[in-house]
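Keep the picture open as you read, and try to find each residue as it comes up.

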Amino acid sequence: MAGPGFQGHPAGPLPLLLLLLLLLLPQALPEGPLVFVAVVFRHGDRAPLASYPTDPHKEAISTLWPRGLGQLTPEGVLQQLELGRFLRSRYEDFLSPKYQREEVYVRSTDFDRTLESAQANLAGLFSEAAPGGPEAAWRPIPVHTVPVTEDKLLRFPTRSCPRYHELLREATEAAEYQTALEGWTDFLIHLENFTGLSLVGEPLRRAWKVLDTLMCQQAHGLALPSWASPDVLRTLAQISALDIGAHVGPPRAAEKAQLTGAPPSRPPGILLDAILANFSRAQRLGLPLKMVMYSAHDSTLLALQGALGLYDGHTPPYAACLGFEFRRRLGDPEQDAGNVTISLFYRNDSASRPLSLSLPGCPGPCPLGRFRQLTAQARPPIHGVPCHSSREPPALAAPVVPLLGGAVAVLAALSVGLGLLAWRPSCLHTWEDPV
């Protein structure tokens, strides 16, 4: 009996032609084993970062937020614990059952909320760090950080990079930006009267902080002032999106991505390049490193999304996670790392499956070489990042006497050689890793 829709007619030339076209299409090579993972996640739920002069809950801050403004809340701890359990279920067959320092490296910004988020996440990922077990079996897991002023990997270059300020000024002086801003002038004037803050002519981040305070209070069941209607919150969210777009979007989005977190003295500095470098070095040196985890902020994820061309106009929620999965394909004849692919996932809702993302220009699992090619403009060049102002010439290095330069080169080579001889898998920093 003929199947539905065919009505018993014999196959004509059209189905045969379609079959021939399918046979001629390049077939996807089977995915091989997972070899490396990098995950970047936002901290969990926190208290507001600030209050405002007319905040009706201002006097109760110490009661409402006993650990202080900007600190991780109990809800934030649970969010990260759940994220860690998700990572355990996803990588059950990849990671060892218990924490192995050679396999997993954890880096956080130097903020209480990100450091605590990392530890809560690890409690969900590794059973020995989980709460509720026997004290004798409990083992804390190390989380690495550097002072905020020295963090060139996970923080925006807002203070240290004149060129980034130039690009930001170019974006905020653009006609489209100014037109949108002028349309909100009356709104900001009214908001000044309601909040007691100066907002007109000030950086839009000040208006974002009002939104942040209101959203935090609302999430914790606190009554909002009568002026904070859904329309007001929606407009504040639009203002925030405009500000974020100026930081990570066009014009010159690729150059902004190069400068985000990238010091001119240590390329590769930005996070995207560091992720690729971590994988390459682990493979080249035969390291057992399997996963690098970064506990950071919404701004970190936004900058990374901008570098990948994946910013969608939405702020990553608490405990949002962007993952990079490196797999070795089977039977791939290509050379130059063509047998490795990168897949991206984004988890922004614990109640839903993570989203599979595709790098623009490379749908599906992207060959590593193609991934590098497509992201080259968003990563710092080999000679470093020109962070100096375009109005100022770059600082020239002092000339080195040839003989002295040769001696320095020899000493450097000896240092690298001795470092590799003394290297142990657990000592990541002996090979100057960018983790």
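The structure holds eight aromatic pairs, where rings of Phe, Tyr and Trp (its six-membered ring) pair if their centres lie within 6.5 Å. This is a predicted model: local features need pLDDT of at least 70, side-chain atom pairs count only at pLDDT 80 or more, and totals for chains, interfaces and linings use all residues. Residues are numbered from 1 along each chain as its sequence is written, and side-chain values use heavy atoms, with hydrogens and water left out.

**Aromatic pairs**

- Ring planes under 30 degrees apart count as stacked, over 60 as edge-to-face and the rest as tilted.
- The rings of Phe36 and Phe326 have centres 5.4 Å apart and planes at 75°, so this pair is edge-to-face.
- This pair links distant parts of the chain, with Phe36 in strand E1 (residues 34-42) and Phe326 in strand E4 (residues 321-328), 290 residues apart.
- Helices (H or I, at least four residues) and strands (E, at least two) are DSSP runs, numbered from the N terminus.
- Phe36 is buried, at a relative accessible area of 0%, and Phe326 is buried at 0% too; buried means under 20% relative accessible area, exposed over 50%, and partly exposed in between (1.4 Å probe, protein chains only).
- Tyr99 and Phe126 also form an edge-to-face pair, 5.6 Å centre to centre with 80° between the planes.
- Here too the pair links distant parts of the chain: Tyr99 is in the loop between helix H3 (74-90) and strand E2 (104-108), and Phe126 is in the loop between helix H4 (112-125) and H5, 27 residues apart.
- Tyr99 counts as buried because its relative accessibility is 18%, while Phe126 is buried with a relative accessible area of 1%.
- Phe36, Phe279 and Phe326 form one aromatic cluster.

**Charges and polar contacts**

- Which ring does Arg90 lie over? Arg90 lies over the face of Phe345, 4.2 Å from the ring centre.
- The charged end of Arg347 sits over the ring of Phe86, at 4.3 Å from its centre.
- A charge sits over a ring if NZ of Lys or CZ of Arg is within 6 Å of the ring centre and within 35 degrees of the ring normal.
- Arg163, found in helix H5 (residues 162-172), is buried with a relative accessible area of 13%.
- The side chains of Arg163 and Glu255 are joined by a polar contact of 2.8 Å, meaning a pair of N or O atoms within 3.5 Å; within protein, one must be able to donate a hydrogen and the other to accept it, and residues adjacent in sequence count only if both atoms are side-chain atoms.

**Strand E1 and its partners**

- Nine of the nine residues of E1 are buried, so E1 is largely enclosed by the rest of the structure.
- E1 and E4 run antiparallel and are joined by seven bridges; two strands pair if DSSP finds at least two bridges between them.
- Val39 has Gly323 as its bridge partner in E4.
- E1 also pairs with strand E3 (residues 291-296) in the parallel sense, over six bridges, and there the bridge partner of Phe41 in E3 is Ser295.

**The whole protein**

- The protein has 14 helices and seven strands.
- Of its 435 residues, 44% are buried.
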